[in-house]
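Hi,

Here is the structure I said I would pass on.

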Amino acid sequence: MRYMATYDLMETVRNTNQWLGATAKAIAGYPAIAAFPNPVFQWMGAWGEVTERSFARMVAKPDWGIHSYTCEDGRDHIVTVDTVVEKPFGDLVHFHVLGRPEKPRKVLLVAPMSGHYATLLRSTVVSLLPDCEVYCTDWHNARDIPVSAGKFDVEDYTLYLVDFMKQLGPDTHVIAVCQPAPLTLAATAYLAEEDPAAQPSSLTLIGGPIDPEAAPTDVTDFGNRVTMGQLEEMMVQRVGFKYPGVGRQVYPGLLQLTSFMAMNAETHSKAFTDQMMRAAKGEARDNDRHNRFYDEYLAVMDMPAEFYLSTVERIFKNCEVAKNNFVVAGKRVDIGKITDVAVKTVEGAKDDISAPGQCVAALELCTGLPDNMKANHLEPDAGHYGIFAGKSWRNNIRPLVLEFIDANQRTKSKAAAE
């Protein structure tokens with residue numbers, strides 16, 4: 001590949017930095033060093049500790065870390081993550097609270113496939129567990145998927161969501177976070193034509209780029225500024241020999257992380273410098289605020305190249321969902337066919353990824369849906385992360401989403417009875 005390092009070279013650089021960090025940490029921790037007290041060794045150990053941990057996290061899938069939950073009966077109940085549907089590129093998992101009666105609310109969380117693992121929604125899952133049976137999409141790292149599994153683009157993603165919705169049934173309430181919002185809307189419209197009885201009861205879209213042109217951001221500007229040929233040349237690599245997906249074309253997680261970090265380089269640089277100072281003073285902890293955030297942020301996954309490229313071209317450049325021209329398996333998906341699935345959109349006033357206006361555009365596309373089954377919420381002073389996992393989600397948005405679910409669960413049940 002021209003103009004950039006190969007996949008194996010990038011992995012070698014990462015591995016070398018991890019090794020250098022581990023070496024510095026080991027040398028600084030050598031017992032004999034204690035006989036020569038010198039701040040240089042403290043700094044060396046601090047640099048090694050932070051560096052080793054940071055580069056090691058880049059190739060490790062985080063654990064959900066949800067082991068138990070205290071229910072209304074006052075007892076701690078074990079939480080298991082059970083696979084309900086297993087597919088090559090992603091699974092449908094259920095957070096099963098053992099010994100607890102099944103909750104009437106059934107929620108499907110659609111996690112983004114945008115560089116990070118589904119565990120990015122960990123706090124969202126935890127906040128919903130007390131009141132819901134929570135299911136979630138768990139997308140796989142493309143480097144671990146053999147070439148024999150075939151391609152995976154936006155149409156395949158949409159059909160995966162269709163299968164997951166069929167599996168869970170019509171009493172499901174779907175919550176799509178960020179990137180999958182337009183494809184989740186398309187999947188619901190696909191079901192409206194192909195299998196209306198399998199449609200979910202409600203659909204909540206949080207901070208998603210339904211119409212990227214409604215409110216331009218740095219993300220949309222980048223998508224419009226570069227050509228598809230440039231993207232393929234600069235961003236796509238083939239998986240190296242170390243992983244099962246050898247030969248598969250991907251948008252590498254390490255390359256994505258470089259882009260993420262570059263967007264706020266000064267902030268990240270200060271965060272790591274401050275953490276090294278804390279480590280040198282002996283104040284850093286394994287589960288402190290810095291490590292909790294960066295253990296998740298640095299854990300990146302490779303995306304299938306065809307998914308990345310088709311997302312940029314069809315969702316951002318051509319705006320196929322926004323223009324109601326999206327095609328799945330050779331059939332145009334008409335979002336106006338959604339007539340009995342309540343739709344709610346949630347936006348953050350300070351969202352710099354999917355700016356206000358991009359997500360609410362979904363309501364205008366649902367021309368077959370009565371106004372009393374549409375809702376929108378704009379959260380003041382909330383950024384992108386805050387609307388699904390931060391304080392704004394916990395204190396304001398989550399109660400509104402549960403209220404929306406309850407209102408439309410009753411509507412659906414009444415319709416079924418009639």
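Helices α1 and α8 (253-263) each put at least two residues into the lining of the largest cavity; helices here are DSSP runs of H or I with at least four residues, and strands are E runs of at least two, both numbered from the N terminus. The largest share of that lining, 3 residues, belongs to α1. A cavity, on a 1 Å grid over the protein atoms alone, is a set of points where a 1.4 Å probe fits but cannot get out, and lining residues have an atom within 4 Å of a point.

Before going on: this is a predicted model, so local features need pLDDT of at least 70 and side-chain atom pairs count only at pLDDT 80 or more, while totals for chains, interfaces and linings use all residues. Residues are numbered from 1 along each chain as its sequence is written, and side-chain values use heavy atoms, with hydrogens and water left out.

Back to the cavity. The count comes to 1 cavity of 30 Å³ or more, and about 100 Å³ of space lies in the largest cavity (a volume is the space filled by probe spheres set on the grid points, which are joined across faces, edges and corners). Its lining includes Tyr7, Met10, Glu11, Arg143 and Asp302. By class, that makes 7 nonpolar, 2 polar and 3 charged residues, where Ala, Val, Leu, Ile, Met, Phe, Trp, Tyr, Cys and Pro count as nonpolar, Asp, Glu, Lys and Arg as charged, and the others, Gly among them, as polar.

Next, the second largest pocket, at about 220 Å³. It has 13 lining residues, and Ala28, Gly29, Phe41, Gln42 and Gly45 are the closest to its centre. A pocket is an open set of points with protein on both sides within 12 Å along at least five of seven lines. Both α1 (7-28) and α2 (39-57) supply at least two lining residues, with the largest share, 5 residues, coming from α2. The lining splits into 7 nonpolar, 4 polar and 2 charged residues.

Finally, two tryptophans. Trp47 sits in helix α2 and is partly exposed, at 34% relative accessible area. Trp64 lies in the loop between α2 and β1 (68-70) and is buried, at 8%. Buried means under 20% relative accessible area, exposed over 50%, and partly exposed in between (1.4 Å probe, protein chains only).

Cheers
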